[in-house]
Amino acid sequence: MLLRTDRDTLLAPLSIVCGVAPRRHALPVLSHALLEADGEHLALTASDLEIQLRSRRAVPTDTPFRLCLPARKLLDILRALPAGCELQLKRHGSQLLLLAAGSRFLLQALPADDFPLLEADADTAAPLRLEQGELKRKLGQILYALADNDIRPYLNALLLQLDGGELRLIASDGVRLAFQRYPLPAPQPGRTLLLPRKAALELAKLLGDRDAPVLLEPGARQLACAIGDTLLRCKLLDARAPDYLRLLPERHDCELTLPRLPLLEAVQRVAVLAHAKFRQLELAIRPGQLALRCRNADREEAEETLPTDWQGPPLDASFNLQYLQDVLTHVPAEHLRFGLGGDQRGMLVTNPDDPHFQYLAMPLRG
């Protein structure tokens with residue numbers, strides 16, 4: 001007998017780490033989860049060689065053990081079992097026998113020594129203690145702007161900049177960028193980190209909405225994130241990101257403050273007739289009103305007009321409508337402020353209630 005516990009005690013940590021395990025890899029052991037018991041605690045670890053997730057629970061065992069089990073198969077089995085049922089894990093030669101609720105499963109186990117663990121980074125700075133809920137909120141407002149599989153590696157990564165008394169969080173796909181500041185209680189040495197997209201998304205999933213702490217330990221080659229009983233360790237991207245903040249315009253020809261939800265609903269309505277390929281949204285700003293317009297290849301057209309307090313000269317611009325929908329969807333503000341220029345400077349979106357947020361979308365040309 002290796003382990004006797006209830007199904008939910010094992011399911012909870014496995015659900016946390018399983019998303020990191022690749023479905024297919026040249027190393028078969030990476031599709032497995034490493035189970036380690038020391039008599040008082042049970043730890044489950046998954047890795048794809050770039051990201052490692054480890055979740056630990058207080059589970060007493062009579063016999064310490066270390067072994068690797070197929071992660072997704074085990075997860076599917078546990079999800080199919082009745083909630084709260086007792087399960088037993090027993091050795092059966094080179095296999096593992098799982099007994100629960102009248103069911104019997106025989107799984108192939110691999111040696112724990114075959115599992116490649118990420119070694120801790122020797123060159124680390126002092127940990128940053130942040131609030132989970134606040135970091136989750138800030139990440140949720142910017143991660144949608146990350147690129148996915150861009151040929152420029154730095155665009156597939158979240159830029160973290162420690163600069164004095166703040167942590168800057170910047171996501172960009174080369175055509176837009178989303179930016180948040182996290183004020184720190186004390187000044188920190190300057191450091192720039194590029195956190196790969198997958199790791200940034202995993203971190204956002206792990207964070208809760210509470211004020212419980214998350215500890216970020218930046219290193220020269222890795223970032224370690226401790227969240228309760230879970231530790232995320234990932235390799236940092238070895239690349240240099242551009243100076244994104246110099247792209248933020250210092251002046252605008254036009255500034256509008258608009259209610260977020262009515263604007264989002266209007267964009268969603270005109271998007272029904274948007275061009276399937278170009279997804280172009282035309283903005284026509286006139287004194288007292290903003291017109292939104294989409295056209296498609298069949299010469300169909302949708303237009304909606306919203307009232308504004310703008311009384312300046314007319315201005316026309318075109319943007320990818322998805323870029324506007326994203327910021328309107330992910331920033332939970334009552335109103336948003338839009339700064340636009342007539343010389344292709346882009347559209348800067350800010351939140352009057354959050355001075356730490358900025359979002360820049362470049363216009364469509366031609």
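Mentor: Let's take helix α2, residues 71–80, where the buried residues are A71, L74, L75, I77 and L78. Buried here means under 20% relative accessible area, exposed means over 50%, and partly exposed is in between, using a 1.4 Å probe and protein chains only. Helices (H or I, at least four residues) and strands (E, at least two) are DSSP runs, numbered from the N terminus. An α-helix has 3.6 residues a turn, so residues three or four places apart point the same way. On the other side of α2 you'll find K73, R79 and A80 exposed.

A word on the source: this is a predicted model, in which local features need pLDDT of at least 70, side-chain atom pairs count only at pLDDT 80 or more, and totals for chains, interfaces and linings use all residues. Residues are numbered from 1 along each chain as its sequence is written, and side-chain values use heavy atoms, leaving out hydrogens and water.

Now for the cover over α2's buried residues: it includes helix α1 (7–17) along with strands β2 (32–37), β5 (65–70), β6 (86–92), β7 (95–100) and β8 (103–108), contact meaning heavy atoms within 4.5 Å. Turning to α1, its own buried residues are R7, L10, L11, P13, L14 and V17. These pack against α2 in return, and also against β1 (3–6), β2, β3 (41–47), β4 (51–58) and β6.
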